[in-house]
Amino acid sequence: MTEPVRLSKRMSELGLSSRREADEWIAKGWVRVDGQVVSELGSKVLPHQKITVERQAAAQQAKRVTVLLNKPVGFVSGQAEDGYKPAVVLVKPENRWADDPSPELFHPTQLKSLVPAGRLDIDSVGLLVLTQDGRIAKQLIGEDTSIEKEYLVRVQYTKPGRLPDADLKKLNHGLWMDGKPLLPAKVRWQNDDQLSFTLREGRKRQIRRMCDMVGLKVIGLKRVRIGRVKLGDLPPGQWRYLGADERF
């Protein structure tokens with residue numbers, strides 16, 4: 001890589017910020033390239049050039065919160081649609097989990113730019129991450145993310161007998177979707193009617209479509225883990241802050 005690239009793109013690649021944050025900081029004169037302030041949007045840099053950010057940028061970034069929500073059925077992950085409310089409306093003081101160990105105090109400004117880092121279908125429940133931090137969003141939904149997401153899936157076999165072992169193997173590896181092979185998954189029985197799915201990708205309605213391909217009907221779907229962060233005992237419809245010591 002020897003071609004000049006946009007400064008905001010390079011900052012994102014280095015993990016300094018999201019591209020949107022980078023543009024904001026550049027406009028405020030908070031970014032230096034080789035010690036010189038660069039305040040023009042669209043500026044380009046070479047890979048060997050040293051990029052630093054002012055303390056104000058780091059302080060602003062430190063104030064950004066990430067919220068873990070146990071999404072109930074009937075809420076959409078992102079923008080309101082078809083009369084259904086977005087999950088972010090549940091992030092209010094009265095819905096904060098009483099056992100949240102975080103010392104963070106709620107303030108309405110935390111709702112500004114609080115967006116879902118990944119989706120959870122309207123009829124699915126469990127762990128949904130909402131964040132103001134572009135670095136976390138990139139980590140969870142960026143093109144090169146490989147963070148595992150674990151789901152408990154209650155199923156019903158629509159054919160006589162039980163799901164053949166060969167079809168369970170297909171769920172683990174061998175299925176195609178939208179003309180592309182799916183990445184290997186970890187799928188195993190938890191009990192007679194519940195499977196555990198661990199995925200490293202998240203195509204639209206992926207688990208439901210995978211199950212449909214082998215004759216399984218999904219009765220219920222719950223996300224219980226993203227990376228090293230677990231849903232745990234967080235009650236449905238309640239939320240807590242991601243702790244300062246927690247990492248996905």
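Mentor: With Arg 19, which is partly exposed at 45% relative accessibility. The model is predicted: local features need pLDDT of at least 70, side-chain atom pairs 80 or more, while totals for chains, interfaces and linings use all residues. Numbering runs from 1 along each chain as its sequence is written, and side-chain values use heavy atoms, without hydrogens and water.

Trainee: Why is Arg 19 called partly exposed?

Mentor: Buried means under 20% relative accessible area, exposed over 50%, partly exposed in between (1.4 Å probe, protein chains only). Arg 19 has 45%, so partly exposed is the label. Arg 19 lies in helix α2, residues 19–27. Helices are DSSP runs (H or I, at least four residues), and strands are too (E, at least two).

Trainee: How many aromatic pairs are there?

Mentor: Two. Rings of Phe, Tyr and Trp (its six-membered ring) pair if their centres lie within 6.5 Å; planes under 30 degrees apart count as stacked, over 60 as edge-to-face, the rest as tilted.

Trainee: What makes the pair of Phe 106 and Trp 239 tilted?

Mentor: The centres are 5.9 Å apart and the planes stand at 55°, so the pair is tilted. Phe 106 sits in the loop between β6 (66–71) and β7 (115–116), and Trp 239 in strand β16 (residues 239–241), so the pair ties together parts 133 residues apart in sequence.

Trainee: Why is the pair of Trp 239 and Tyr 241 called edge-to-face?

Mentor: Their planes are at 90° and their centres 5.0 Å apart, so edge-to-face applies. Phe 106, Trp 239 and Tyr 241 form one aromatic cluster.

Trainee: Is Trp 239 buried or exposed?

Mentor: Trp 239 is buried, at 0% relative accessible area. Tyr 241 is buried at 2%, whereas Phe 106 is partly exposed at 24%.
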